[in-house]
Amino acid sequence: MQKTVRKEIDLAGKKLILESGELATQANASVLASYGETVLLATAVSKKAPPDMDFFPLAVDYEERLYAGGKISTSRFIKREGRPSEKAILTARLIDRSIRPLFPKDYQAEVQVVITVLSFDQENDPDIVALIAASCALSLSDIPWNGPISGLRIGRQNGGYILNPTDAEKDFSSLDLILASNKEEVVMIEAGANEVDEESVIGAIKFGIDHGKNVIKLIEDLTKEAGREKQKYERVSLGENKDKIIREFIAKNIISGLEKPEVSQDENWFSYQLTKLEEEFIKEEEKQITSKWLAGILDEAVSDFLRKRILQDKKRIDGRSPDDIRPITARVGILPRTHGSGLFQRGDTQVLSIVTLASPALEQLIEGMTGEGTKKYMHHYNFPPFSTGEVRRLGPPGRREIGHGALAERALLPVLPSQEDFPYTLRVVSEVLSSAGSTSMASACGSTLALMDAGVPIKEPVAGISIGLICDKKDRSKYVTLVDIAYQEDSQGDMDFKVAGTKNGITAIQMDIKLDGIPTSIAKEALMKAKKARLSILETIIKTIPAAREKISPHAPTVILIKIDPAKIGAVIGSGGRTINKIIAETGAAIDIDDQGIVTVSGKDVQACQTAAKIIEGIVKEAEVGEIYEGAVKRILPFGAMVEILPGKEGLVHISQIANYRVAKVEDELKIGQKVKVRVAEIDDQGRVNLSMKFQDERQGLGTKSDDFPKRNFRKKFDYGPGRKHKK
């Protein structure tokens, strides 16, 4: 048994504990991390990569376990965990983007980091603990890695910052920023915000870096006692002579082609040029030359050319200056039968976004270790192979698609109307038709267009832009930030800083770098350039569609919400569902009821939905003394008649109350099915309703016309349907 080493600090009022030496001892390193009662196990393992591997094979897996939250799957047939949830995929991506830049560029071993959630206290989100644990595991291991880094979540409330807010505190925070940092610089940012200004975001970053130093010291202290000696490795070289020959060929036959503006937006350019190199240099007798080495040399050559051109000449490949945005076009109403559509194009990046409106009953159900939840707004992102001119097998969405969809979703979420103001489930799908850099931000722009085209009353239009970075390899103080990066600047550059927001502030951020950190001054410059670019793009969006359409699409369903007393849910459903099924059969409308008494009536036919809503209102409505109804005679009794005044609710008209004169037989005056006007005369202690057909006070509104009758409207103020105006 290895010696168990344990270190802890106080972090935001809770103990952060890192422990190594007892569990998973066959891994290169393992860490048991605890924060509150949230506990995770992080492991790091490496092995020699295959010789033909042409990329750094890093795999990060974040494993959620239902037992961590004391849950068993609600599925009747499958009780073990299946494919990772969207939350798990996003957390794995967050960790990957934080640790990847800190591996040596020439390190070629295969590395896998696995983080398993063992216990979740429903209060402290495991994603931050997972990031810290992964950083600690890599620091302890013999795997070369330029860490450690800290991982923290920063919230904002009442002008101040909150460190690692709980789920309850997040509800009152205008900012949810996850920061990975070293002692002085930023490594990764992921944020959602409620139109927060740039200065507040910079303040949060500085706040996070400052508090992250304590986490880094904790990891360093543990590493001093339990860390392993780092692996020694040598970069495999083809030899100076062969390397020189390949570089000369690249300079003469490939680099010159980078002068063409269209190259900057061609995502297949690199693979085309690599094919040229393979045809020229991979020979049967020279098996040591592989695509992997050729790709590395080509990458360096292109990177050197790009940096020289931008840093010295201040000129980009496509001729733009560092702050120029590619030409933008926008259109709405592209598709005739969808509920809303928008086409956004920036340079050769082109995205078509489509909105679908549906009943609240079609919200997404989410099950995980936190329990069950629902989601009423979904953004899905598709990246088909034709968008880059490739032939590739189509399959389910990968991590990239899920991550980009989540980013665009986060960007739009703060501006969506409340469920009370717009009672629909919303699904937006962004189809990438052409990719040439920053398709996720184009998706946010296209989705704004589509939502407004669909008549969704968003608070403000949202736009997004990506800011890049080119640094001098020898002197990082020499750099240029680039607005609206195209493909080569994204592929060969040092940063991809995506920022989305409204005219009022930021709604989402995602920052990835290829360096081991950037100073806050660069982050601030990027945010300010993104703001200027965002406002420019918003002008184009507003020119295309100034505001959300006043009417939703005629192809969208009508949705009516009715709030009833939960105690009367049974009356609406009826014995064995008899009542509700009868309403559905008679009207054709779909009806759903939740435990809080919210009844959702939806369907394509406006009249059918209104009829169904009226019936439900009648079922739950209580008769009151003095109210007048027009109802049908249901039964004839020797002493009177039973009249249905509300759906399923009858009252007795005694024979003495049928007319102002003496009635000998009820049948002389009334027949079954006859429509009569009645007044509620009395409701006795047992809830029985006594009616009268005698009207003596015409002056007090108890007249003869049905339009004069006092009415109570149980329907709430929102009643949407094709051709109906939404609440401003």
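Start at D490. Setting aside residues within four places in sequence, D490 is in contact with I485, D496 and K514. Contact here means heavy atoms within 4.5 Å. One caution before going on: this is a predicted model, where local features need pLDDT of at least 70, side-chain atom pairs count only at pLDDT 80 or more, and totals for chains, interfaces and linings use all residues. Residues are numbered from 1 along each chain as its sequence is written, and side-chain values use heavy atoms, with hydrogens and water left out.

D490 sits in helix α10, residues 487–492. D496 sits in strand β20, residues 495–501. Helices (H or I, at least four residues) and strands (E, at least two) are DSSP runs, numbered from the N terminus.

Buried or exposed? D490 is partly exposed, at 27% relative accessibility. D496 is buried, at 11%. The cut-offs: buried is under 20% relative accessible area, exposed is over 50%, partly exposed is in between, with a 1.4 Å probe and protein chains only.

Beyond four places in sequence, D496 touches several residues, among them S466, Q510 and D512. The side chains of D496 and S466 also make a polar contact of 2.3 Å. That term means a pair of N or O atoms within 3.5 Å; within protein, one must be able to donate a hydrogen and the other to accept it, and residues adjacent in sequence count only if both atoms are side-chain atoms.

Now the aromatics. Rings of Phe, Tyr and Trp (its six-membered ring) pair if their centres lie within 6.5 Å; planes under 30 degrees apart are stacked, over 60 edge-to-face, the rest tilted. The count is eight pairs. F103 and W145 make a tilted one, 6.4 Å centre to centre with 55° between the planes. F103 is in the loop between α1 and β6, and W145 in the loop between α2 and β7, so the pair ties together parts 42 residues apart in sequence. F103 is buried at 4%, and W145 is buried at 9%.

A second pair, F249 and F281, is edge-to-face: 5.4 Å between centres, 90° between planes. F249 is in helix α5 and F281 in helix α6, 32 residues apart. Both are buried.

Last, one aromatic cluster: F56, F103, Y107, W145 and Y233.
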